[in-house]
Amino acid sequence: MDIAFAEPGLPASGTLIITVSQDRTLGPAGLEIDRSLGGAVGRAMAASRFTGKKDEVLELLAPAGLTLTRLLLVGLGKPEPLTDTSLEAVGGTAAAFLNRTGETEAWLRLDLPAESALPADQAAAAAAVGAQLRGYRFDRYRTTEKPEQKPSLVRLTVQVADPAAAERLFAGNGPLLAGVSLARDLISEPANRLTPVAFADRCTGLAEFGLEVAVLDQARMAGLGMGALLGVAQGSAQPPRLVTLSWRGAPAAADSRPVVLVGKGVTFDSGGISIKPAAGMEDMKWDMAGAAVVAGVMRVLAGRKARVNVVGVLGLVENMPSGTAQRPGDVVVSASGKTIEVINTDAEGRLVLADALWYAQETFKPRVLIDLATLTGAVIIALGHEHAGLFATEDSLAEQLLGAGRKVGEPLWRLPMGESYDKDLNSDIADVKNVGSGRAGGSILGAQFLKRFVGEVPWAHLDIAGVAWAKKDSATVPKGGTGFGVRLLDRFLADTAEG
Ligand code: BES
Ligand code: MN
Ligand code: ZN
C-alpha cells in the first residue's frame, strides 16, 4: 500500500474516510458533508450502533449525490487527550477494513476537534504509520491465494493542510517501520526456514545499512567457554551462532560506552529432554522473538542514523531432544565460570542468556544492559497479553522503560526481585540451578537466574513471552509476530541515550 499526503478536498472516486469523535460528534468536514447529503451521515449513525468509539467503523456505500464508492466513518474515541497512538489506531482500523472490501483507493480526512493539542501534520503522519503497521502481512508461503482474497487497498492519501510537513514526518518513520517489519518477518518465519545459521545470515545482510556484524560459530563459543549456551544447542542438528550487531552513532563529545541489547534467539524450543506437550508446540518457532526485536531495533538505529552507540547481542540456538541432548541433572560450566545444574532442559532461554549476557558485559563494557526474551509461560499467567514483564536493578531505568512503553503503546509492568526469591536457585552440587523448587513466581525466578550473570551495570530484563505473538488482530498489529519492543527500545534510546 502506498501512502500519500494531500490538501483536504472531496475525492471524485474511491473511499472517503472521516473520523468521528465519541458520542457521534462530527468535526467541521463531517458536518459539511452531512449537510450536503441532506443529513444522511447523522441518520446513518443514528440507525446503527456506531457511536465514534475507538475501533468502531460505519460504512455508507454509494452515497447519493457523490461519485464516491463509499464514506467510511472511523471512531476516534474521546477527543481529549488526542495522542499519536489514537491516530495510529484510526489509520490501522481504516486500512484493515478497506483491505477486505475490494476498495483500491482511499482518502483519509482527519476531522479533528479544533482545540486538539496534537499538531495536524503529526496527526496525519501518525495515521499513516498506523495504516502501514496494520498493513503488514507475512505472505511469502501463500502460493494459491486468489486476487479477491488479497488486501485490496493500493493507495491511502491522508488529507492535511500542510501535506509536505506531514510527508516529512512520515518519511522520518521509515526506518522504524522497516525495523518492525524485519522483526515480524523473523518471528513469523518457521523453524525449518529460520535456523540459527539462517538467522545469522539474515543479520549479516544488515551490514548494508551501516551496521557492523560479527558472527561467532560453535568453535569460537567453545573457545570462550560458553558451556551454558552450547549445552542447549548440543541436542540439535542445527549448529548455534552468537551474533553481534554494532551501531556507532554517538557524537564525539557524548558518552561512547554502548547501550547493549541482548536477545534470546531460540529458533525452536521443543523443551529438549524435558519435552513440551504436543498441543501448541508450534508456537515455539517464535521463541527467538527477543533476538528478532533486537535485530529490528538495530535496523531502526542504523536507518535513522541515531546519535548513540548501541550493540545487539543475539544468542541463536535450537533446543531439541536427541541422543546428544543435555539431560536433566547435567552440570554445565558457563563462560563466567559459574557452574549451572540443569534441572529442566526446557528452562533453556536463561542458559543461552547467561553466556550472552556475560559476553556482552566482558566485550562491550555497557553503560546499560537490557535483555529481551520469551522467557517464561508464567509471565502470561501474571500479565496476559497486554503488558510485558519488566525487571530492573534501578528504579530510574525502570521508569524510563515504563515511560517509553506507554508512549508507543507497548506497555510494560514491573515485577519485583529480591534475595528471598534468589535463594530458591541454590543447587546442592553446583553454583546455581536453572529452575526454582516449584512453579511459584516462575517469571521472577527466571529474572533472578539471569541476575546471577549480571555485574554492576544497570540492567533490565523484559519478559516478552505474552506479547511477542498475537492470536488476533488489533488496530495496528495484525495477528502473528508483533515486533513488540522495537518501538519501545527505539523510543527509550531516543529519549534517554542520544547525544
Ligand atoms: N520459551 C519458553 C517460554 C514460553 C512459553 C514462551 C510460552 C512463550 C510462550 C521457555 O523456554 C520455557 O519453556 N520456560 C519454562 C520454564 C520452566 C521450565 C521453569 C516455562 O515457562 O514453563
Ligand atoms: Mn523452554
Ligand atoms: Zn524457550
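Donors are here N, O and S atoms within 2.8 Å of the metal (3.2 Å for Na, K and Ca), and because water is not among the atoms, sites may look incomplete. The model is predicted, so that local features need pLDDT of at least 70 and side-chain atom pairs count only at pLDDT 80 or more, while totals for chains, interfaces and linings use all residues. Residues are numbered from 1 along each chain as its sequence is written, chains are lettered from A and ligands numbered from 1 in the order in which they are written, and side-chain values use heavy atoms, with hydrogens and water left out.

The donor residues of the zinc ion (ligand 3) follow the spacing K-x4-D-x17-D-x60-E in sequence; they are Lys264 (NZ), Asp269 (OD), Asp287 (OD) and Glu348 (OE), which coordinate the ion at 2.0 to 2.4 Å. Asp269 also coordinates the manganese ion (ligand 2), which lies 3.1 Å from the zinc ion (ligand 3). Asp287 and Glu348 are both buried, where buried means under 20% relative accessible area, exposed over 50% and partly exposed in between (1.4 Å probe, protein chains only).

Asp287 and Glu348 also belong to the residues that come nearest to ligand 1, together with Lys276, Asp346 and Gly377, out of 17 residues around this ligand, a residue being near if one of its heavy atoms lies within 4 Å. A polar side-chain atom of Asp287 lies 2.8 Å from a nitrogen atom of ligand 1, whereas a polar side-chain atom of Lys276 lies 2.8 Å from an oxygen atom of ligand 1.

How values were computed. Polar contact = N/O pair within 3.5 Å; in protein donor to acceptor, adjacent residues only side chain to side chain.
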